[in-house]
Amino acid sequence: MENTAGGNTQVDDVPPVEGVAGGGTAYGWNDGGFHSNPIRGTVDPTKVPSSELLHVWCMPSTSNVGQQEMPRSLECINLLAARNERESAQIAIRPKVTWGGPGIAGVVQVHCTDLCSSSGGRLVVGESLTLRRVVSMLGVPDALVPLDLPSTQLNLLPGETTAIWVSIDVPAGQPPGQYEGELFITALKADTESSAKCLTKAEKHEIYRALTGCLDAVEHIDIQTQEEVVQRVKMATSDLKRILVSPTFSEYSLENGLVDMMDEDGFTNLSVRLKISVTVWDFTLPTTPSLPAVFGISETVIEDRYGVQHGTDEWYEALDQHFSWLLQYRISPFFCRWADGMRVLAYTSPWSADHPKSDEYYSDPRLAAYAVPYDPVFSSGDSAKDILRKEIETLKTRTHWKKAYFYLWDEPLILEQYDSIRKMSSEIRSYALDARVLTTYYSGPSDAPLAASTFENFIKVPKLLRPHNQIYCTSEWVLGNREDLVKDITAELQPEMGEEWWTYVCLGPTDPHPNWHLGMRGTQHRAVMWRVWKEGGTGFLYWGSNCYEKATVAGAEIRFRRGLPPGDGVLFYPGEVFSSKQLIASVRLERILSGLQDIEYLNLYTSKYGRDQGLALLEKTGVYLGPERYTLDHMPIDLMRAEIFNACRSGH
């Protein structure tokens, strides 16, 4: 497995992490290169260039940078991004020597600047530019823990590589152009933090007075003329500089190993400087994703781990936080809980259809599809039938009704379950004939085969469900490496009657096919969406994004569910596990976002040159040819995106 650390710490009765076993330099074998002259005696990082103490190099977002990743030469980060797109890369840092305190190789500071264009555009640190530390789960780099900005400090461990995930979020209104900025990576003295002296009351008052003056200068800036705004900002900047160079903050000067934030030229002599260049082009990714990607969030996992009771204010707040957070990944979330026999209650809004909050959820342009509950989310005096009828009658009057779907059953296996789907759908359709019902399946009914072969049995399912089902959502596992079978599935459908073909992954398919299990290659994660686009599916479903083992403490260790490949059903983590208040994305979730963005690029290209040319581009660049033939490294991805940029920018 390329760029993945070994050392599986998983308990014995859980399946091994996929793809982690295997050779390569990432397992600590190094037969040369990167030998530096030994530094003798005690190391003072304020007197030695950081490049003599650290290896620093960059890796693409599709690399799994493990703790034993070996150094490469340092090159600048060059990214291409559309507006309303996130692009990411990684910085790896590995100590050459030890200069720190007990148990660590040393402390480094990472400081970022804004990215600026020659025409005055700016991508601001902390808003458009973010840093996250890559933390291993079961020995595989996966969790992305936010770091402070514009400066953050990291402890490096001897003989271990630390990875930082750098993301650039380009706002939809960003002026196109070339944006450039820098990161400064500086080794620090170990005792810097402990040397901070207490402030006297007079010093505190002086700082308070100066900061209040800065706030007064810029507080009502929106009602000033442009000239006044410039003048006020200059005044505030001048005051802030004066505060920062005062004796109070002298310990943070270069002599003590820390950085003077206002004078970046002052510390670049010792720092490792890393240039970041982003080309923002004049194409804006659509706010509403072209492909509805509906992902489940387990409400019961939230209730157990966060200790919130169903229906309380805290419960609504927790669900709202999860919904809003996942929406930024071009994903249309739904909450879910399972009943007997794989019946599922799926709903996007926990509020009733006539509640203003539901309208806010459903009308959000970032939401491509929403699930309407068949059963009430809460029991009440009204009958379930009355509640369902009222919900549908309310939603039918809204313009967002076209986004609605009902997800009633997960992978029905026997005729009795198919009968249940038909019965529920009949009731829904009695209130709205244009309602859409979605069913996931990977086989036909086992107790009454529809055809002689297993695959024939599977592709005849629409005959059983029509007209009670509109979205036929099939497992990618069924296809194996036979992409040609797609046309057999779609030939059975009636798009003129509103029938759609969606797909999903879960337990399978397994290596080497695209999926999101822990330990798979980065391009394998990203390829799930390339596959969807090439096969022509019109939507995608994923069963769960927070389905780890039950725990009743928010900060409890994350355990993947037994019987599932590690990572299956878990795309983000509770922040409390990492001492953070926000949810923690996985590296895999970031690659899902990249794949969904790739779909928008391919759609733009085909809108100009036709689908055949889009397919030819995937093949020509070597990005994706089939479920066992896709790129294993990052270069072809950049080639494909650059080709789309070059071919399409003139028309925008």
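Colleague: Leaving aside its neighbours within four places in sequence, which residues is P462 in contact with?
Modeller: Leaving those neighbours aside, P462 is in contact with Y441, Y472, E492 and L493, where contact means heavy atoms within 4.5 Å. This is a predicted model, in which local features need pLDDT of at least 70 and side-chain atom pairs pLDDT 80 or more, while totals for chains, interfaces and linings use all residues. Residues are numbered from 1 along each chain as its sequence is written, and side-chain values use heavy atoms, leaving out hydrogens and water.

Colleague: Where does P462 sit, and is P462 buried or exposed?
Modeller: P462 belongs to helix α9, which covers residues 461-465; helices here are DSSP runs of H or I with at least four residues, numbered from the N terminus. With a relative accessibility of 1%, P462 counts as buried, a word that stands for under 20% relative accessible area with a 1.4 Å probe and protein chains only.

Colleague: And how far apart are P462 and I489?
Modeller: From C-alpha to C-alpha, P462 and I489 are 9.5 Å apart in space, although 27 residues separate them in sequence.

Colleague: Switching to rings, how many aromatic pairs are there?
Modeller: A search of the whole structure finds 27 aromatic pairs, counting rings of Phe, Tyr and Trp (its six-membered ring) with centres within 6.5 Å, and calling planes under 30 degrees apart stacked, over 60 edge-to-face and the rest tilted. In one of them, F455 and F458, the ring centres are 5.7 Å apart and the planes stand at 40°, so this pair is tilted.

Colleague: Which helix are F455 and F458 in?
Modeller: Both lie in helix α8, residues 454-459, where they are three residues apart, or about one turn of the helix. F458 has a relative accessible area of 1% and is therefore buried.

Colleague: What about Y624 and Y630, what kind of pair do they form?
Modeller: Y624 and Y630 form a stacked pair, with 6.5 Å from centre to centre and 10° between the planes, and both of these tyrosines are buried.

Colleague: Which residues make up an aromatic cluster?
Modeller: One such cluster is formed by W315, Y316, F323, W351, Y361 and F378.

Colleague: Last one, which ring faces do R611 and R641 lie over?
Modeller: R611 lies over the face of W533, at 4.6 Å from the ring centre, and R641 lies over the face of Y601, at 4.4 Å from the ring centre. For such a placement, NZ of Lys or CZ of Arg must be within 6 Å of the ring centre and within 35 degrees of the ring normal.

Note on methods. Helix = DSSP H or I, 4+ residues; strand = E, 2+ residues; numbered from the N terminus. Buried < 20%, exposed > 50% of the residue type's maximum accessible area, 1.4 Å probe, protein only.
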